[in-house]
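Please open the model in your viewer and keep the selection panel at hand. The stops below are meant to be visited in order.

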Amino acid sequence: IMLLMPSKAFGSILLFERLTLFLLPLWVLAWDYPDQHRPVWQPAVVAVVVLLGVANVGRFAAFGNEMRNLSAVLDTMEERQTLMYFPVVPVTAGFTQPVHFHSGVWYQAQHRGITDFNFAFFFPALVRFRDGAHSWVPNDSVVWQPMQFEWERSNGPFYRYFLVRSPLDMRGQIFKGNVGKVKLLKQQGWWWLYGPAEEQPQLP
């Protein structure tokens, strides 16, 4: 599946990644040989599978460390607030896909707040915003191009938190002339949490 199918096609992404669900049952069927002499190449195939498994354990362990850093940042945040997420570097070592593209939504899941960009914008979503209930966000361009954030156009004053994933402090590049309106609240690993330098009006 991984070798023959594309990852992106027909306006969708993560195609072969989703089909890995069938990997284990197909693997079992592949080794269901009748009682006869086993092929000489079978040990080599088993060795390759074991090596791939070890490599997967290593890369997911590294990913787990990154997520623990994120959890440490999220634990410092108040519940039921608004967050703008800037995945400046959404990729990480060991993965070809931008696995941190929507990591900021963990705040929404764990602390019952609102994270932008938000999946509730999409029509097929099971849970969606009511019409006009989330109209302060003009579009989802910030999650794709964080440097396009504009304080007034993107309604920066209405966010309690700004979360950035980057190896460096990027507040000058993101907030530009409004950098004095935010302050650093917490930094751990590649996660940078900012808040308003002064009390800001909250969303209704």
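The tour goes from the whole chain to the sheet, then to a helix and a loop residue.

**Before selecting anything.** This is a predicted model, in which local features need pLDDT of at least 70 and side-chain atom pairs count only at pLDDT 80 or more, while totals for chains, interfaces and linings use all residues. Residues are numbered from 1 along each chain as its sequence is written, and side-chain values use heavy atoms, with hydrogens and water left out.

**Whole chain.** Show the cartoon: the protein has 6 helices and 7 strands, taken as DSSP runs (helices H or I, at least four residues; strands E, at least two) and numbered from the N terminus. Their order along the sequence is β-β-α-α-α-β-α-β-α-β-α-β-β. Of the 204 residues, 33% are buried, meaning under 20% relative accessible area with a 1.4 Å probe, protein chains only. The exposed surface comes to about 13,000 Å², with 64% of it supplied by carbon and sulfur atoms; the areas are Shrake-Rupley values with a 1.4 Å probe. Among contacts (heavy atoms within 4.5 Å) with a separation of 6 or more, 58% join residues 24 or more positions apart.

**The sheet.** Select β3 to β7. These 5 strands make an open sheet of mixed pairing, in the order β4-β3-β5-β7-β6. β4 (114–116) and β6 are the edge strands; each has a single partner, so one side of each lacks a neighbour in the sheet. Direction ignored, neighbouring strands of this sheet are turned by 25° against each other on average, with axes as lines fitted to C-alpha atoms. Two strands count as paired if DSSP finds at least two bridges between them.

- β3 and β4 are parallel, with 3 bridges; T82 faces I114 in β4.
- β3 (residues 82–86) and β5 are parallel, with 4 bridges; F86 is opposite V164 in β5.
- β5 and β7 are antiparallel, with 4 bridges; F162 is opposite Y194 in β7.
- β6 and β7 are antiparallel, with 6 bridges; Q187 is opposite W192 in β7.

**Inside the sheet.** Now show side chains on β3 and β5. In β3, T82, M84 and F86 point one way and L83 and Y85 the other, and all are buried. Both faces of β5 are covered as well: Y161, L163 and R165 are buried on one side, F162 and V164 on the other.

**Helix α3.** Select residues 42–74. The 33 residues of α3 should span 48 Å at 1.5 Å a residue, and the end C-alpha atoms lie 47 Å apart, which agrees; the expected span is 1.5 Å times one less than the number of residues. Buried in α3 are Q42, F63, G64, E66, M67, L70, V73 and L74. The cover over the buried residues of α3 includes α4 (105–111), β5 (161–165), β6 (182–188) and β7 (191–196).

**Last stop, S166.** Where does S166 sit? S166 lies in the loop between β5 and α6 (171–175). S166 is buried, with a relative accessible area of 2%. Leaving aside neighbours within four places in sequence, S166 is in contact with V88, V89, W190 and W192. The S166 side chain also reaches the backbone oxygen of L168 at 3.1 Å.

Technical notes
Buried < 20%, exposed > 50% of the residue type's maximum accessible area, 1.4 Å probe, protein only. Polar contact = N/O pair within 3.5 Å; in protein donor to acceptor, adjacent residues only side chain to side chain. Axes fitted to C-alpha atoms, helices over the stretch in contact; angles between N-to-C directions.
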